[in-house]
Amino acid sequence: QISQSGSYSTEKSHSLRVDYQGYFTPNSSSPEILYTAPGPFSLAPYSQIQFDVYNPGPPIQMDMSFITGPSAEWIESNTVNIVPGWNHNVVIPLLGNNFKSALTAWKIWDTLRNANRVSAIHVKLFNVNGRGTIYLDNIRLVGSGSQQEEGFGGEALSFKFNPSEDRKSTR
């Protein structure tokens with residue numbers, strides 16, 4: 001479940017509270033958060049996505065997956081560790097061979113192809129067991145120079161929790 005929180009914000013007065021439930025079971029889906037834009041947007045001018053996370057629980061991992069291009073290709077970043085407490089300036093690099101996809105047999109040596117045509121971003125949580133909460137804040141795009149922008153394309157961010165559950169229910 002996702003909600004706005006007045007706790008653990010690093011920028012302004014609110015953060016995104018994510019309550020999750022995860023299991024260490026084969027073939028179970030990881031908790032995920034989905035951001036979709038009204039139309040394709042470009043991450044091409046940026047070198048990384050940065051954000052702050054407060055984790056009141058045990059260590060977890062997270063990654064970002066991007067749906068790109070006209071064929072809606074799924075390209076997934078390398079995982080980042082989220083330790084208990086504050087995790088300031090968590091970085092998902094957007095340049096270089098930091099991604100995996102079907103094209104690379106899910107090995108980390110791919111690039112973020114079609115970064116100029118992104119239609120969705122999934123934030124997935126890994127190594128979660130039981131119930132937990134994290135708080136996300138100060139999500140920003142960072143360019144190769146001093147360029148920095150809050151959110152994606154300057155628009156308000158809206159998220160949906162566990163969209164894969166919706167896909168399962170429609171099959």
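The side chains of Asn-138 and Asp-52 are joined by a polar contact of 3.3 Å. The model described here is predicted. Asn-138 belongs to strand E11, a strand that is largely enclosed by the rest of the structure because 12 of its 14 residues are buried. The points below cover this strand, the core and the ring pairs.

**Asn-138 and its surroundings**

- Asn-138 has a relative accessible area of 16%, which is under the 20% limit, so the residue is classed as buried.
- Apart from residues up to four places away in sequence, Asn-138 touches Thr-10, Glu-11, Gln-50, Phe-51 and Asp-52.

**Strand E11 and its partners**

- Strand E11 spans residues 130–143.
- Strand E2 (residues 15–22) pairs with E11 in the antiparallel sense, over 7 bridges; Gly-22 has Gly-130 of E11 as its bridge partner.
- Strand E4 (residues 46–55) also runs antiparallel to E11 and is joined to it by 7 bridges; here Tyr-46 has Gly-143 of E11 as its bridge partner.

**The largest nonpolar core**

- This core has 34 residues, and those with the most contacts inside it are Leu-43, Ile-49, Phe-51, Met-62, Phe-66, Ile-134 and Leu-136.
- Two or more residues of the core come from each of E2, strand E3 (32–41), E4, strand E5 (60–68), strand E7 (80–82), strand E8 (85–93), strand E10 (118–126) and E11.
- In soluble globular proteins, nonpolar side chains tend to be buried together.
- Phe-66 contacts, among others beyond its neighbours within four places in sequence, Leu-43, Ile-49, Trp-74, Leu-94, Phe-99 and Ile-121.

**Aromatic pairs**

- The structure has 7 aromatic pairs.
- Tyr-8 and Tyr-54 form a stacked pair, because their ring centres are 3.9 Å apart and their planes lie at 5 degrees.
- Tyr-8 is in the loop between strand E1 (2–5) and E2, whereas Tyr-54 is in strand E4, so this pair ties together parts that are 46 residues apart in sequence.
- Tyr-8 counts as partly exposed, at 35% relative accessibility, while Tyr-54 is buried, with a relative accessible area of 16%.
- The rings of Tyr-8 and Trp-86 have centres 6.3 Å apart and planes at 65 degrees, so they form an edge-to-face pair.
- This second pair links the loop between E1 and E2, where Tyr-8 lies, to Trp-86 in strand E8, 78 residues apart.
- Trp-86 counts as partly exposed, at 33% relative accessibility.
- Tyr-8, Tyr-54, Trp-86 and Tyr-135 are linked by ring pairs into a cluster.

Definitions and conventions:
Residues are numbered from 1 along each chain as its sequence is written. This is a predicted model: local features need pLDDT of at least 70, side-chain atom pairs count only at pLDDT 80 or more; totals for chains, interfaces and linings use all residues. Side-chain values use heavy atoms; hydrogens and water are left out. Buried means under 20% relative accessible area, exposed over 50%, partly exposed in between (1.4 Å probe, protein chains only). Helices (H or I, at least four residues) and strands (E, at least two) are DSSP runs, numbered from the N terminus. Two strands pair if DSSP finds at least two bridges between them. A nonpolar core is a set of buried Ala, Val, Leu, Ile, Met, Phe, Trp, Tyr and Cys residues joined through side-chain atoms within 4.5 Å. Contact means heavy atoms within 4.5 Å. A polar contact is a pair of N or O atoms within 3.5 Å; within protein, one must be able to donate a hydrogen and the other to accept it, and residues adjacent in sequence count only if both atoms are side-chain atoms. Rings of Phe, Tyr and Trp (its six-membered ring) pair if their centres lie within 6.5 Å; planes under 30 degrees apart count as stacked, over 60 as edge-to-face and the rest as tilted.
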